[in-house]
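Welcome! Take a moment to look over the sequence and turn the model around before reading on.

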2 protein chains.
Amino acid sequence: MTSESLSLSFNPAGIELDRRQGLSRQLYQALRVRVLDGRLASGTRLPASRDLAAALAISRNSVVRAYDQLYAEGFIEGRVGDGTYVAQLPQAMLPAKKLSTKISTGLSTGLSTSLSTNRLDLPVDLSSKVIHRGALQRVERNHLATPPSGPPRAFRVGVPAFDLFPFEVWAKLNAAFWRKPDLQQLCYGDPAGDQRLRGLIAAYLRSSRGMQCTAEQIVITSGAQQGISLCAQLLVEPDDGVAIENPGYRAAGHAFAVAGARLHGIAVDSEGIDCTELAELGDCRLAYVTPSHQYPTGVVMSLARRLELLAWAERTQGWIVEDDYDGEYRYSGAPLAPLAALDRQGRVLYVGTFGKVAFPALRLGYLVLPPALVDAFSQRRAVDVRHSEVSTQAVMAEFMAAGHFQRHIRRMRRAALSRRNTLLSGWPQGIPGIGSLPSVAAGLHLTVAVESAALEQALIEKAASVDVEINALSSYWLPDSQKPEDQRAGLVLGFAAVPEGDIIEALGRLDRIWHT
Amino acid sequence: MTSESLSLSFNPAGIELDRRQGLSRQLYQALRVRVLDGRLASGTRLPASRDLAAALAISRNSVVRAYDQLYAEGFIEGRVGDGTYVAQLPQAMLPAKKLSTKISTGLSTGLSTSLSTNRLDLPVDLSSKVIHRGALQRVERNHLATPPSGPPRAFRVGVPAFDLFPFEVWAKLNAAFWRKPDLQQLCYGDPAGDQRLRGLIAAYLRSSRGMQCTAEQIVITSGAQQGISLCAQLLVEPDDGVAIENPGYRAAGHAFAVAGARLHGIAVDSEGIDCTELAELGDCRLAYVTPSHQYPTGVVMSLARRLELLAWAERTQGWIVEDDYDGEYRYSGAPLAPLAALDRQGRVLYVGTFGKVAFPALRLGYLVLPPALVDAFSQRRAVDVRHSEVSTQAVMAEFMAAGHFQRHIRRMRRAALSRRNTLLSGWPQGIPGIGSLPSVAAGLHLTVAVESAALEQALIEKAASVDVEINALSSYWLPDSQKPEDQRAGLVLGFAAVPEGDIIEALGRLDRIWHT
């Protein structure tokens with residue numbers, strides 16, 4: 001047999017074992033990789049376990065265990081009264097590797113093998129960039145910026161005063177849930193979410209937003225982003241036009257672009273998104289808007305504009321995704337009715353979140369859907385993820401039912417208002433090129449214009465040098481926006497993330513550094 | 001003014017208020033809906049608050065609050081020294097409604113309005129089925145069956161012995177996390193997941209599965225289904241061919257179909273998926289397989305077949321999604337190396353889950369990705385959902401680091417083995433047409449053939465009549481499978497879901513009912 005001559009080539013010398021780790025597993029892996037890369041050819045006779053143990057200076061038991069595993073997995077086979085051989089494996093096993101030396105073993109499988117022993121045991125480097133198509137390519141072109149790291153500091157955007165969250169209450173409710181779980185709740189659940197939570201959310205929206213919704217219209221999501229992404233994946237086909245506010249919430253734009261949409265950035269004026277520009281486009285299937293507090297400019301969409309937008313959706317059978325990301329925060333005047341409360345034709349999908357009332361990493365949000373879309377969204381969610389994690393939903397339901405939620409909203413609104421006032425009253429004066437501060441009737445951030453892109457960058461870099469975080473308004477614009485670069489410049493500041501004392505200190509540092 | 005003559009038509013008689021609810025809100029809503037549906041035309045003068053309060057027999061304060069809200073939202077406007085009027089709203093507001101009677105108001109907005117008062121305040125019925133296209137349509141055609149409701153019972157498939165989960169420990173770890181949260185952890189996190197958890201999972205897979213993976217290759221998901229769905233959304237373009245095992249895990253097939261794949265069901269023989277059939281198809285971009293314990297047949301994919309499948313992927317630049325859904329459960333012999341451990345060309349995406357070790361509703365799983373795909377998956381996850389809920393990840397990391405996880409796996413394996421043995425030893429004998437039981441070396445369920453589709457249905461219905469849950473093997477086949485219906489019949493039984501005593505009782509009931 002040819003295999004007998006080949007068996008002479010087995011050389012355990014290349015096998016190096018680390019005595020601090022499991023020896024039999026290391027040996028198993030070393031032998032396996034040699035079979036797979038051709039150094040141990042099919043038909044090669046392996047040394048008796050006693051001999052290999054002696055050669056490697058390990059216990060015979062370790063060798064036997066390694067052989068057993070290789071045997072169980074089919075890498076080696078025993079021949080009665082003859083010993084142990086590398087199994088005959090399909091010839092297709094090694095096609096993609098470049099072998100430095102090839103010899104024909106002449107075995108019936110026609111396996112090619114190599115006697116070279118200097119190849120690496122490690123997989124080849126796979127991290128080099130490959131060229132992707134379709135969905136992979138769209139993701140590469142439309143991905144979110146890395147979120148800022150480190151603990152929250154002034155003036156991080158997108159986080160509420162979550163230092164005030166009643167973690168002690170939350171910890172107790174969590175422990176109570178887990179100590180006596182209902183086993184039924186731990187099986188696969190309703191993809192639309194916890195029924196009790198859905199009912200409580202619907203009641204909350206009816207009383208706080210004037211929405212006439214029922215629990216059946218609610219689909220629980222893992223945060224607002226998942227709500228937006230679900231809308232993108234279900235309502236947008238490749239090459240559909242999607243209208244987004246410009247400047248706007250880029251993460252939403254990315255979700256639509258990843259679904260294959262052609263994005264159209266629509267201007268925002270003092271009444272909100274420009275519906276004339278939207279109507280002139282002609283080919284939009286969907287418009288994504290933030291009417292209660294435009295992100296990031298802070299404009300509240302006027303009633304006239306809301307009705308115009310609804311009329312557009314009715315006329316074109318288009319969809320409106322209404323992101324009410326910070327609707328809980330309104331400091332003066334009554335909040336306007338959401339589009340979803342004005343919608344009579346089932347064209348509005350309302351995106352809500354607990355992230356701006358509790359904290360972002362909770363990843364709990366919801367969609368309020370037109371009845372005709374509920375089944376499809378719920379089914380899609382089942383295929384995507386089955387349902388959201390169960391305890392977060394159950395604990396939030398209890399948190400709401402016990403009145404903690406309403407109390408917390410009031411506390412958060414007061415805190416945000418106080419922090420807003422701290423920012424407004426301590427804002428550095430007399431810096432050339434910075435516009436006047438807006439009045440900030442709502443939300444958790446404010447936007448202030450600056451006169452040039454160069455100034456925007458300089459102010460933000462100076463702020464960063466004294467550990468103050470400010471976002472560039474220019475980063476909220478689509479890259480191909482028509483507007484001149486200098487008119488896109490501005491500063492976006494979140495005022496809720498840290499307590500008043502920290503805000504005052506940060507403003508002091510800003511004042512000094514900006515005046516130098 | 002024309003509006004003055006119209007103001008005569010305002011009739012509060014149709015407004016009915018429920019005195020148990022907030023009166024001003026009800027009035028606000030009643031007036032708003034009348035503005036929106038044209039019963040209260042633009043320019044209509046509203047009664048003084050005192051008069052309306054008297055007409056409705058409510059407090060003047062309630063009317064004032066309702067008017068204030070309508071004013072804030074722009075529905076009504078005040079004219080100095082003159083009273084309150086319905087605002088002039090864009091003419092586009094009512095385009096989609098059919099008005100029973102139209103009169104021209106002659107106002108400059110040209111609003112059409114109606115004097116009919118018998119229309120409903122409620123939105124029109126939107127729940128009637130509409131015809132969807134694209135993604136919505138694919139979801140309707142490819143959705144998961146509703147999961148069985150009620151507490152787990154014999155012989156529910158897909159759930160482990162989670163009555164043995166150490167809920168007390170889990171409750172404590174949860175409470176500990178929430179009592180002293182790291183605020184930084186509660187901001188937006190790494191879309192790939194908690195760094196500590198990823199490291200612990202990689203170490204676990206290296207020692208338990210022989211995979212040479214690092215933490216950087218791990219992306220945390222909300223359960224295995226999300227892992228599969230992510231693969232579908234990132235690797236499959238509309239009309240790509242995708243190979244799935246037939247019979248197989250239908251929820252995976254749905255995820256690929258929803259992404260636009262053409263599904264090819266490939267036969268499974270005693271060595272696993274038929275790679276010859278796969279190779280002959282020629283147009284598959286991706287193959288989804290369950291090599292460690294084929295779902296639902298229980299076949300373990302042979303090494304030869306594993307290598308053949310890898311060779312297919314290398315040759316065609318195809319992807320393999322390896323779902324190791326119950327790899328922790330192996331009762332005899334050593335587990336075979338996963339495809340991901342044999343893969344040298346970065347073609348295998350490994351799907352893991354905690355759902356079969358802890359419980360399904362935890363929704364915690366992971367992908368082990370070829371290095372070249374990690375960025376794209378992580379970025380896609382950020383766009384889809386930003387990241388998974390933070391506490392579940394942190395608590396699981398602590399659960400693993402403290403040794404609870406390994407102890408629990410051993411406990412779960414022992415329990416599953418004991419429950420398997422209870423099922424095997426108590427299985428009803430002498431029922432005509434049922435094949436012999438398999439040996440069940442792995443997993444949490446077993447499959448037994450029956451001789452006809454009619455018998456399958458009869459056995460399952462009888463079982464259900466005595467509160468015993470059995471799945472039909474026929475439901476795991478693609479609808480258009482070539483195989484004759486009778487050869488697709490069988491029973492699929494999960495043996496881990498309930499304790500031994502419940503299994504014995506259920507078997508007793510089965511024995512009686514099946515012999516009648």
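Predicted model: local features only at pLDDT ≥ 70, side-chain atom pairs only at ≥ 80, totals over all residues.

**A strand and its neighbours in chain B**

- Let's begin with strand E7 of chain B, residues 241–246, where 5 of the 6 residues are buried.
- E7(B) pairs with strand E8 of chain B (residues 262–269) in the parallel sense, over 6 bridges.
- To get from E7(B) to E8(B), the chain passes through helix H9 of chain B (residues 250–258), and this β-α-β crossover is right-handed.
- E7(B) also pairs in the parallel sense with strand E10 of chain B (residues 284–289), here over 4 bridges.

**Inside the nonpolar core**

- The largest nonpolar core has 320 residues, and A:Phe256 and B:Phe256 touch the most other members.
- Beyond its neighbours within four places in sequence, B:Phe256 is in contact with several residues, including B:Val242, B:Ile244, B:Leu263 and B:Tyr288.
- B:Ala232, B:Val236 and B:Ala261 are also among the contacts of B:Phe256.

**Where the two chains meet**

- How many residues of chain A are in contact with chain B? There are 100, and they meet 100 residues of chain B.
- Helix H14 of chain A (residues 371–385) gives the most to the side of chain A that touches chain B, with 9 residues.
- That side of chain A divides into 55 nonpolar, 29 polar and 16 charged residues.

Terms used:
Residues numbered from 1 in each chain as written. Chains lettered and ligands numbered in written order. Buried ≥ 20, exposed ≤ 12 C-beta atoms within 10 Å, placed from the backbone. Helix = DSSP H or I, 4+ residues; strand = E, 2+ residues; numbered from the N terminus. Pairing = 2+ DSSP bridges. Right-handed = clockwise from strand over helix to strand, strands pointing away. Core = buried A, V, L, I, M, F, W, Y, C linked by C-beta atoms within 7 Å. Contact = placed C-beta atoms within 7 Å. Nonpolar A, V, L, I, M, F, W, Y, C, P; charged D, E, K, R; others polar.
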